[in-house]
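Please walk me through this structure. I would like to know what is worth looking at.

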Amino acid sequence: MSNTLFEDVDHYISNLFVPADPVMDDALEAAKEAGLPQIQVSAALGKYLYLMAKLSNANRILEIGTLAGYSTIWLARALGEGGRLTTLEYDPKHATVATANIERAGLADKVSVRVGAALETLPVLAAEGESAFDMVFIDADKNNYCGYLEWSLRLARPGGLILADNVVREGRVLNADSPDDAIQGIRAFNKALSEDDRVEATIIQLTGDKGHDGLAVAVLRK
Ligand code: SAH
Ligand code: DHB
Ligand code: MG
């Protein structure tokens, strides 16, 4: 978005509510140095994810799409004693950078990074008896969001929370004829989420230093 007002306000918010944090700075620096795409959540959204995890007393968190572990660290910091987070990442290079960042953040004992295509890892988690996640954060390849929704519904507990990033994409989601697979994936996800009786859900629009986007928020029925 060309308008810098939203960026300025985002920085105003993070200056107020996200204290200087060398661990987070180092994680972002390591990602940059390794040449990873700079598409992690903003600091303000990271803080929001942390607050949502706290609010849901999350003890078990599943993340789909790790990148350098920035959102992972925000979420894992909200875990209580004995809490665990599993994060799924396709790209081994991203997983390596993330693992080092998570280690430096002192969270290695709480977080496990599983490498592979998430749609292949999710059935493995289910087969291992993983279930009853308090919270799921979907943030990987957008064309597979519908598949991630199905697995999230299966793996989350009744009353659990599902969040999904990037569901508005600067309004490109409005274009039913978009030739972009990612947009079509998001459109299908948003529609499926809106029609699914197993959840109550909405989308909140986001503006900030990552442009105009949206976060889907869904709570499983009990
Ligand atoms: N949640 C991160 C950003 C994730 S970016 C943060 O905010 O800090 C999306 C990530 O999903 C990328 O690292 C990408 O490699 C990964 N990804 C893409 N396709 C995937 C797939 N099929 N399975 C798992 N991860 C995938
Ligand atoms: C992209 C992916 C993301 O998860 C994000 O937050 C921003 C952009 C992307 O693939 O372009
Ligand atoms: Mg994202």
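Predicted model: local features only at pLDDT ≥ 70, side-chain atom pairs only at ≥ 80, totals over all residues.

Start with the magnesium ion (ligand 3). Three residues coordinate the ion: Asp-139 (OD), Asp-165 (OD) and Asn-166 (OD1). The distances run from 2.0 to 2.2 Å. Along the sequence, the donors follow the spacing D-x25-D-N. Asp-139 sits in the loop between strand S4 (133–138) and helix H7 (145–155). Asn-166 sits in the loop between strand S5 (156–165) and helix H8 (181–195). The pair therefore ties together parts that are 27 residues apart in sequence. Both Asp-139 and Asn-166 are buried.

Now turn to Ile-61, a residue of strand S1 (residues 60–64). Is Ile-61 buried or exposed? Its relative accessibility is 0%, so Ile-61 counts as buried. Leave aside residues up to four places away in sequence, and Ile-61 touches Ala-53, Leu-75, Leu-79, Arg-84, Leu-85, Thr-86, Phe-133 and Met-135. Glu-33 gives another view of where Ile-61 lies. The two are 28 residues apart in sequence, and their C-alpha atoms are 28 Å apart in space.

Tyr-12 counts as exposed because its relative accessibility is 54%, and the cut-off for exposed is over 50%.

Note on methods: Residues numbered from 1 in each chain as written. Chains lettered and ligands numbered in written order. Heavy atoms only, no water. Donors = N, O, S within 2.8 Å, 3.2 Å for Na, K, Ca; no water. Helix = DSSP H or I, 4+ residues; strand = E, 2+ residues; numbered from the N terminus. Buried < 20%, exposed > 50% of the residue type's maximum accessible area, 1.4 Å probe, protein only. Contact = heavy atoms within 4.5 Å.
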